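Please read them with the coordinates open.

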Amino acid sequence: MPLITDRKTKPQYDVIIVGSGAGGGMAALILALNGMKVLMIEAGRNYEPQVETPMFNTPEMAPLRGNKTPGKPFGYYDATVDGGWQVPGEPYTNKEGTEGAFWWWRSRMLGGRTNHWGRISLRFGPHDFRCASRDGLGVNWPMSYDDISPWYDRVEMLIGVYGENSGIENAPDSPPGVLQPAPKPRIGELMAKKAGKKTGVPIVAARRAVLSQPMQGQRLAKELFPNNPKAQEIMALDMSLRAPCFWATDCGRGCSIRANFQSTTVLIPPALATGNLDIITDAMVREVIIGPDGKATGVHYIDKTTRRDVVAKARVVILAASTCETSRILLNSKARDKAGLANSSGQVGKNLMDSVGTSLGSHIPAMENLPPLNEDGAGGIHVYSPWWLVSQHAKLGFARGYHIEMGGGRRMPTVASLAVLDSKSPTTYGSKLKEDARRYYGASFGFAGRGEMIPNKDCYSELDPNVVDQWGIPVLRFHWKWSDHEIKQAEHMQNTFAELIEEMGGKATPKSGRDAIQRPGEIIHEVGTARMGEKASESVTNQFCQTWDVKNLFLMDGSVLPSNPDKNPTLTILALAWRSSEYLMDEMKKGNI
Amino acid sequence: MSQKPTSLSRRDALKWFAGSSAASAIAPAIIAAPNETEQAPPSFPTRSAIYDPNFAKPVYPWEKVLATEELKTANSLADIILPKDALGPAASEVGVADFINEWISAPIDKHEEESEIIRGGLSWLNTESFRRFEKRFEELTPEQQIQIVDDICDATKSKPEHHIGAIFFQHFRSLSISGYYTHSATWKGLGYVGNISIAGPYPGVPDELIKKLGLEDVA
Ligand SMILES: Cc1cc2nc3c(=O)[nH]c(=O)nc-3n(C[C@H](O)[C@H](O)[C@H](O)COP(=O)(O)OP(=O)(O)OC[C@H]3O[C@@H](n4cnc5c(N)ncnc54)[C@H](O)[C@@H]3O)c2cc1C
Ligand code: SF4
């Protein structure tokens, strides 16, 4: 089924949504199911996972055996179109004096980065919304866990998330009937669990947006859309048509059978089925247009195929172009205010955060020469460690926690899979080499930490006064500096991983925090550049993603997050977008917008 | 879980990116009426082989450097490193030399360094073969070939006069391993049995194995 039929726009819409990723896709679905006329504008090309995903393709079918290249930094088959650390013709810069350049990952395709994300879907916990009250750092959220938890429930039911309730403080459980069963752990994961028991690190079922069994479309649709028969009908059918995971193929390539969550497989098809959604791809939004009354009247975009400038109009504008792009659009919308749109607080572009990341892995002798076993699994992690030292920060010397992602074992061989032979069997050739390859293949395991960073005044983005992209739009210039909290946290990660590895029988030398911490932006959890808050003077939006300055302008992506808990952001972006879309429709009904 | 990006060499960056213009044009000021109805856009308006490859028709956007003679030498050395045996096909049956050729020809910094080592090394190997036996490497008898290979397979022990050959062998062996095991025809021998669909729940680890590894308390 083609995702787009016509390149058409109407003179006027109820809502324009900029961006088709997690936030944009969710807003489009909820609004369209409720009868709103929606125009989605996406800078990238149309993308059809059902026909384009290279599900079973093997490396020998690809240049360089599928290895990464500058144009495909995560490998040939990765579901990133026209993107990566650089987008051709759309540069960004780093300000002089920055400590380690910020890396900005983008893709230019329908569905954005949801086509290839890791599908790790963790709820923020009650403490995360009250972080400043607990340790005096950063800011609190203008909402509590109780405000958002029903929306987490809904999102998990709508997109399908596998996992288990482990009852760990600040890693919330889901209500019964919400989660799908988690797949069983693989050999390395069991060994890690055992090591975790010894070292006091809990290792439990991961939560990922992957279907481990068919969806009960009828039941779920009824629960999710109680007073909306049309929505029930569309969603019941669409959910029932999604296949569960068949335990093969890397989720990063996307999923043609719709077993995992992508905006293009889970949100956009049913949204289109309502007949209420139009989509324009290859359309790069330059700015939001503001009328004489200070309200948004629409957006100005560049039709990339013709290089024509076009204006589209609506009663409400939602920006969901991804954290940094959304604040870039605001900063570039200067019709009334030199500081940029919705920026009376001066916070647009500020408070940029990524996750703290570092990893450590090792050869594990006990994994050598095991009988062949299919370990493809769910195309991503089956287990993880939620942060387990919530009450011990006073002792630790850093304020916030991290979770651990982990993996190893016998995955589809890549160019680097047998690099272990360079050290373990460096001089062999012939049949002996092949025996050693069989012995050492997959006998390794690694841990990666994802930790919470605290917003600081040195981490921000702004417009570069001297550079524009190929569409003539001023580009972002980043500035970055880690605080001691992040450095110490990275060091703690390294030590924890080394302990786990030693316990598994491997050898590891932990690095210092400074040496270990990955680059700013490299974990690709960038959030915070238009944060929500209690007051207009200190934040860009209220708790419903509505900008304080422009009532009919909403921001529905990671830009509104006031803090960046260690739990990867996408589930929260989805929950906020749904909650805010309901609020938005309510306000429209009341005549407030 | 991120990986480090590799960098393009400056020389080839231009060649590589040609067509995906990075020029910064000032946009025209014409504003069209927002009421167009046009044909659906082609799915791939200006598809780049680098940033948006067509998986069904992969393109290798660079020239391969090795000459036929060099490829012959590469094939015969690769087959000594990874011969046909009970654990799978010979390197030459799964395109290892072609992969090495493709790899060292790619306009990427790291690969260019490797290119010098590999090409220089292949020539070194033939020179050494001539010096000892007055023939190219691929024309030697298996015993003669092994005699040379044994002199260069361990860079920590090789004689000074074989040092260049030994460094080359290390790199060539690594690339051969990469090329060999990324071909699906070698996976059975390696012990990779995935990339097939399984119905029902994920089976997990068999009980005997759990027992053997002493993992009963965590399974
Ligand atoms: C390799 C990788 C792994 C990840 N793993 C995880 C994970 O396991 N868990 C998790 O929670 N998160 C993960 N993430 C992060 C996740 O992808 C993002 O949080 C999520 O996609 C953000 O959604 P979004 O809607 O804000 O932006 P995006 O998904 O980036 O979508 C934004 C869209 O807007 C379009 N756009 C941008 N600018 C404009 C413009 N000016 N005009 C029109 N359109 C525009 C873009 O082309 C894009 O399609 C991962 C990311 C990567 C890259
Ligand atoms: S592992 Fe499962 S969810 Fe992931 S791409 Fe393969 S079939 Fe889809």
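This is a predicted model: local features need pLDDT of at least 70, side-chain atom pairs count only at pLDDT 80 or more; totals for chains, interfaces and linings use all residues.

1. Fold of chain B. The secondary structure of chain B consists of eight helices and two strands. Read from the N terminus, the order is α-β-β-α-α-α-α-α-α-α.

2. Burial and surface of chain B. Chain B has 219 residues, and 46% of them count as buried. Its accessible surface is about 11400 Å². Carbon and sulfur atoms account for 56% of that surface.

3. The size of an interface is often given as the accessible area lost when the parts come together. For chain A and chain B the buried area is about 9000 Å², with 59% from carbon and sulfur atoms. Arg65(A), Tyr429(A) and Lys434(A) contribute 9% of what chain A buries against chain B, more than any other three residues. In terms of residues, 115 of chain A are in contact with 103 of chain B.

4. Salt bridges across the interface. How many salt bridges are there between chain A and chain B? The count is three. Arg45(A) forms a salt bridge with Asp52(B), and the closest N and O atoms of the pair are 2.7 Å apart.

5. Asn57(A). This residue is in the loop of chain A that runs between α2 (49–52) and β4 (93–94). Is Asn57(A) buried or exposed? Asn57(A) counts as buried because its relative accessibility is 14%, which is under the 20% cut-off. Apart from neighbours within four places in sequence, its contacts are Tyr77(A), Arg253(A), Met412(A) and Phe55(B). Among these, Phe55(B) belongs to chain B.

6. Gly84(A). The loop between α2 and β4 of chain A also holds Gly84(A). Gly84(A) has a relative accessible area of 0% and is therefore buried. Leaving out neighbours within four places in sequence, Gly84(A) is in contact with Pro73(A), Trp104(A), Trp105(A) and Arg106(A). Gly84(A) and Ile268(A) are 184 residues apart in sequence, and their C-alpha atoms are 23 Å apart in space.

7. Backbone of two aspartates. Most residues other than glycine have a negative phi. Asp82(A) is not a glycine, yet has a positive phi of about 50°. Asp82(A) is placed in the loop between α2 and β4 of chain A. Asp282(A), likewise not a glycine, has a positive phi of about 55°.

8. Setting of Asp282(A). Where does Asp282(A) lie in chain A? Asp282(A) lies in the loop between β6 (277–280) and β7 (283–290). With a relative accessible area of 4%, Asp282(A) is buried.

Note on methods:
Residues are numbered from 1 along each chain as its sequence is written. Chains are lettered from A and ligands numbered from 1 in the order in which they are written. Side-chain values use heavy atoms; hydrogens and water are left out. Helices (H or I, at least four residues) and strands (E, at least two) are DSSP runs, numbered from the N terminus. Buried means under 20% relative accessible area, exposed over 50%, partly exposed in between (1.4 Å probe, protein chains only). Accessible areas come from the Shrake-Rupley method with a 1.4 Å probe; for residues, only the protein chains shown count as cover. Contact means heavy atoms within 4.5 Å. Buried area is the accessible area (1.4 Å probe) that two parts lose on being put together, summed over both. A salt bridge is a side-chain nitrogen of Lys or Arg within 4 Å of a carboxyl oxygen of Asp or Glu.
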